[in-house]
Amino acid sequence: MTARAASVTKSNHAKRRAFLAVLAALPFSTAQTAPSRPDPEIVGRIARRYRVEPSAVERVIALAEKHFPTDPVLLLAIVGVESSWRPWAVGTVGEVGLCQVRPDLHGASATELSDPAVNLRVAAQVLRRCLKRSQGDVAGAVARYNGRGEAAEIYSARVLGERERLVASDV
């Protein structure tokens with residue numbers, strides 16, 4: 001590539017980025033309302049239980065609501081059981097991040113899965129597939145998320161128990 005062609009390519013990329021920045025700054029009216037703040041009681045419970053900064057909890061709750069809107073608290077319970085809310089957690093067989101997703105099975109690299117947004121998105125996809133395969137049985141889906149056998153059943157009970165603790169009014 002000549003110097004002139006490289007200069008034109010850089011110029012085109014700069015113009016494209018500037019256009020996208022202007023476009024992103026424009027106010028568009030949508031039917032959606034501004035995102036609501038997560039329930040402060042749940043934020044407080046999680047922050048105290050796992051010794052996590054409330055702002056980080058709010059971010060993860062927003063991600064769970066975005067990627068698994070049918071039952072975001074279930075995804076939050078998986079985060080608690082899988083990683084104790086530590087995004088840098090790595091499991092014994094290579095699971096990564098908040099939801100302990102295996103990069104070799106789910107199409108994202110370990111580096112990508114260390115980002116909570118990617119981790120929760122992929123985990124929500126996996127959980128939706130598990131729900132579909134278990135025909136809507138939540139306990140069965142959570143067990144599938146973990147694996148098979150007695151250990152998966154125990155895991156499912158732990159996650160569902162954590163879910164109940166998160167929604168309970170007296171913790």
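User: What percentage of the 171 residues in the chain is buried?
Analyst: This is a predicted model. Residues under 20% relative accessible area count as buried. Of the 171 residues in the chain, the buried ones make up 36%.

User: How many helices and how many strands are in the chain?
Analyst: Read along the sequence, the pattern is α-α-α-α-α-α-α-α-α. The count is nine helices and zero strands.

User: Among contacts between residues at least 6 apart in sequence, what percentage joins residues at least 24 apart?
Analyst: A contact here means heavy atoms within 4.5 Å. Take the contacts in the chain between residues at least 6 apart in sequence. The part joining residues at least 24 apart is 41%.

User: Are helices α7 and α8 parallel or oblique?
Analyst: Helix α7 spans residues 116–133 and helix α8 spans residues 138–146. Their axes are 8 Å apart, at an angle of about 125°. Because of that angle, α7 relative to α8 is oblique.

User: Is the crossing of α7 and α8 left-handed or right-handed?
Analyst: The two helices pack at an angle of about 125°. As α7 passes α8, the crossing is right-handed.

User: Are α8 and α9 parallel or oblique to each other?
Analyst: The axes of α8 and α9 come within 8 Å. They cross at roughly 120°, and the crossing is right-handed. Angles of 65 to 115 degrees would count as roughly perpendicular, and those over 145 as roughly antiparallel. The two helices are therefore oblique.

User: Which residues in α9 meet α8?
Analyst: The α8 side consists of V138, A139, V142, A143, Y145 and N146. By class, the contact has 10 nonpolar, two polar and one charged residues. The α9 side consists of A151, A152, E153, Y155, S156, V159 and L160.

User: Is V159 buried or exposed?
Analyst: V159 lies in helix α9, residues 149–167. Its relative accessibility is 0%. The cut-off for burial is under 20%, so V159 is buried.

User: Which residues does V159 touch, not counting those up to four places away in sequence?
Analyst: V159 and L76 are 83 residues apart in sequence. Their C-alpha atoms are 9.2 Å apart in space. Leaving out residues up to four places away, V159 touches L74, A77, I78, V81 and V142.

User: Is R51 buried or exposed?
Analyst: R51 is found in the loop between α2 (40–50) and α3 (54–67). R51 is not a glycine, yet has a positive phi of about 55°. Its relative accessible area is 79%. Exposed means over 50%, so R51 is exposed.

User: Is W85 buried or exposed?
Analyst: W85 lies in the loop between α4 (72–83) and α5 (103–106). W85 also has a positive phi, about 65°, although it is not a glycine. Its relative accessibility is 6%. Because that is under the 20% cut-off, W85 is buried.

User: How many disulfides does a search of the whole structure find?
Analyst: C99 is buried at 0% relative accessibility. C130 is buried too, with a relative accessible area of 9%. A disulfide needs a pair of cysteine sulfur atoms within 2.5 Å. The number found in the whole structure is zero.

Terms used: Residues numbered from 1 in each chain as written. Predicted model: local features only at pLDDT ≥ 70, side-chain atom pairs only at ≥ 80, totals over all residues. Heavy atoms only, no water. Buried < 20%, exposed > 50% of the residue type's maximum accessible area, 1.4 Å probe, protein only. Axes fitted to C-alpha atoms, helices over the stretch in contact; angles between N-to-C directions. Helix = DSSP H or I, 4+ residues; strand = E, 2+ residues; numbered from the N terminus. Parallel < 35°, antiparallel > 145°, perpendicular 65-115°, else oblique. Left-handed = near helix turned anticlockwise from the far one by under 90°. Nonpolar A, V, L, I, M, F, W, Y, C, P; charged D, E, K, R; others polar.
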